[in-house]
Amino acid sequence: SSDWTYIYKYIKRDDFIPSIISFDVENVNLGALTKRMQPYEMEMSERDADGENKFIKKAMHASVPVGYLVQWAFSMLTYSRTLSEIEPLTQSLAQSEERLHQTEKDFEATEADLKQLEINFNSLTQEYDELQRRKGRTEEALRTMRMKVERSVKLLDSLKDEEHSWRKGTEEFAAQMKTLVGDSFLASSFLAYSGYFDQLYRGSLYDMWKRF
């Protein structure tokens, strides 16, 4: 009866209805509420043959407004408990969403890096192709130069043989130059004077001219 007197006085207050309307169920002290409601837990959970809550039905029988108030309080308690149970799930969901957001950012950054790597790869591929073309041109020039060098070596080898012939010819020409005056004297003298004489006298004249 003392509890009912207190409850009756409380619900007669002017701020009772506004407090019900503005009640913040998300900030309920569930521990304190559960402790206060613990003596009524067993009774509040009992149901009749029709499946109706006996506690709420009893309150409705005593007073319809009180019954609705009890039903409201029961609903708030159930909602608060449910909210408390799903709060870890909500936090886990928020963390998962945060990780998902971070993963999306990492994915975007990775995708941007991948695009940059693709651009760099294409650039390096073009540079590689150009270097391959330069390599081909260089190898062709090298083959041409090698052929020229081989021909030059062969030419030098052939010129060595010619050098021997040229040196021998030069020596012979130098020897001929030394005797050129005497040979010219002998030839001109023979043509001028020995035509009339016989072979024996020509030989004598030739020996005499050689002594000069």
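Visitor: How do you know how α5 and α6 are oriented to each other?
Guide: In this predicted model, their axes lie 6 Å apart and the packing angle is about 155°. Angles over 145 degrees count as roughly antiparallel, so α5 and α6 are roughly antiparallel to each other.

Visitor: Which residues make that contact?
Guide: From α5 you get Phe 55, Ile 56, Ala 59 and Met 60. From α6 come Val 64, Val 66, Gly 67, Tyr 68, Val 70, Gln 71 and Phe 74.

Visitor: What makes residues of this contact nonpolar, polar or charged?
Guide: It goes by residue type: Val and Phe, for instance, count as nonpolar, while Gly counts as polar. On that basis the contact of α5 with α6 has nine nonpolar residues, two polar and no charged.

Visitor: Why is a set of residues here called a nonpolar core?
Guide: Because its members are buried residues of types such as Phe, Ile, Ala and Val, joined through side-chain atoms within 4.5 Å. The largest such core has five residues: Phe 55, Ile 56, Ala 59, Val 66 and Val 70.

Visitor: How much of the chain counts as buried?
Guide: Buried takes under 20% relative accessible area, and 9% of the 212 residues of the protein chain count as such. The accessible surface comes to about 18300 Å², with 59% of it belonging to carbon and sulfur atoms.

Visitor: And how many helices and strands does the protein chain have?
Guide: Eight helices and zero strands, so from the N terminus on the elements read α-α-α-α-α-α-α-α.

Terms used: Residues numbered from 1 in each chain as written. Predicted model: local features only at pLDDT ≥ 70, side-chain atom pairs only at ≥ 80, totals over all residues. Heavy atoms only, no water. Buried < 20%, exposed > 50% of the residue type's maximum accessible area, 1.4 Å probe, protein only. Helix = DSSP H or I, 4+ residues; strand = E, 2+ residues; numbered from the N terminus. Areas by Shrake-Rupley, 256 points an atom, 1.4 Å probe, with all protein chains shown as cover. Axes fitted to C-alpha atoms, helices over the stretch in contact; angles between N-to-C directions. Parallel < 35°, antiparallel > 145°, perpendicular 65-115°, else oblique. Contact = heavy atoms within 4.5 Å.
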